[in-house]
Amino acid sequence: MIIDELIAMLEMQEEILQFTHFTNEDAWELGNIIVSEIKKRQLSVAVTIRLNNGYTVFRYAANDTNLQNDRWMERKFNTVRQLEKSSLHACLLLQKNEKTMADWFLDEKDYAAAGGGFPIRVEEVGVIGAVIVSGLPHMADHDLVVKCISRYLHIDEVPRIHGDVRL
């Protein structure tokens with residue numbers, strides 16, 4: 001796939017995967033879907049669901065995850081909150097335009113241009129938080145989140161970027 005096709009697919013994912021509401025109970029249910037997938041596939045992945053005010057409404061860390069995963073999730077969350085798009089979307093936009101985070105006035109110590117953060121967009125409200133995972137290669141991190149949000153929302157027809165895509 002070329003980068004323009006990937007960016008278009010990410011835009012479609014973000015448009016399709018919108019919530020009608022999002023409560024702490026929704027976070028619990030979605031988080032448990034992600035954890036179930038992690039356990040089924042025996043992945044070493046950490047998950048957090050955070051609201052834009054910084055409040056963590058769900059958290060899970062598989063064995064073999066560590067503080068580095070937590071730091072990645074923090075940076076991915078900051079990217080989603082600031083840009084209101086997935087952290088992979090930000091990554092590909094930077095690559096396409098041959099820019100860096102600094103060109104967007106974002107410090108790489110605090111923001112990450114890597115897959116794994118996905119916006120929680122509530123219809124007619126906007127982005128209220130993010131689902132973030134860390135532990136896999138970044139394209140696979142992104143795909144894990146998309147797959148699980150799709151399952152939670154009962155939406156089967158979501159285009160997916162599988163974790164083995166290379167640019």
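The model is a predicted one.

**Residues with positive phi**

- Most residues other than glycine have a negative phi.
- His 154 is not a glycine, yet its phi is positive, at about 60°.
- The position of His 154 is in the segment after α5, a helix that covers residues 138-153.
- Glu 124 is the other case described here: its phi is positive, about 65°, and it is not a glycine either.
- Glu 124 sits in a loop, with β4 (117-122) on one side and β5 (126-134) on the other.
- The relative accessibility of Glu 124 is 87%, which is over the 50% cut-off, so Glu 124 counts as exposed.

**Helix α5**

- Helix α5 has 16 residues, and at 1.5 Å a residue these should span 22 Å.
- Of the 16 residues in α5, 13 are buried, so the helix is mostly covered.
- Directly after α5 comes His 154, with its positive phi near 60°.

**Ser 86, a buried loop residue**

- Ser 86 belongs to the loop that links α3 (67-83) to α4 (87-96).
- Is Ser 86 buried or exposed? Its relative accessibility is 0%, so Ser 86 counts as buried.
- Leaving aside residues up to four places away in sequence, Ser 86 touches Leu 10, Glu 14, Val 80, Gly 117, Phe 118, Pro 119 and His 142.

**Salt bridges**

- Side chains of opposite charge can pair when their charged atoms come close.
- The count for this model comes to 10 salt bridges, where the pairing nitrogen must be within 4 Å of a carboxyl oxygen.
- Glu 37 and Lys 40 form one of them, with an N to O distance of 3.5 Å.
- Both Glu 37 and Lys 40 lie in helix α2 (residues 24-40), where they are 3 residues apart, or about one turn of the helix.
- An α-helix has 3.6 residues a turn, so residues three or four places apart point the same way.
- Glu 74 has a relative accessibility of 35% and counts as partly exposed, while Arg 50 is buried, with a relative accessible area of 11%.
- A further salt bridge joins the side chains of Lys 76 and Asp 141, with an N to O distance of 2.9 Å.
- Lys 76 lies in helix α3 and Asp 141 in helix α5, so the pair ties together parts that are 65 residues apart in sequence.
- Lys 76 counts as buried, at 2% relative accessibility, and Asp 141 counts as buried at 1%.
- Through salt bridges that share partners, Glu 37, Lys 40, Arg 41, Lys 147 and Arg 151 are joined into one network.

Note on methods:
Residues numbered from 1 in each chain as written. Predicted model: local features only at pLDDT ≥ 70, side-chain atom pairs only at ≥ 80, totals over all residues. Heavy atoms only, no water. Helix = DSSP H or I, 4+ residues; strand = E, 2+ residues; numbered from the N terminus. Buried < 20%, exposed > 50% of the residue type's maximum accessible area, 1.4 Å probe, protein only. Contact = heavy atoms within 4.5 Å. Expected span 1.5 Å × (residues − 1).
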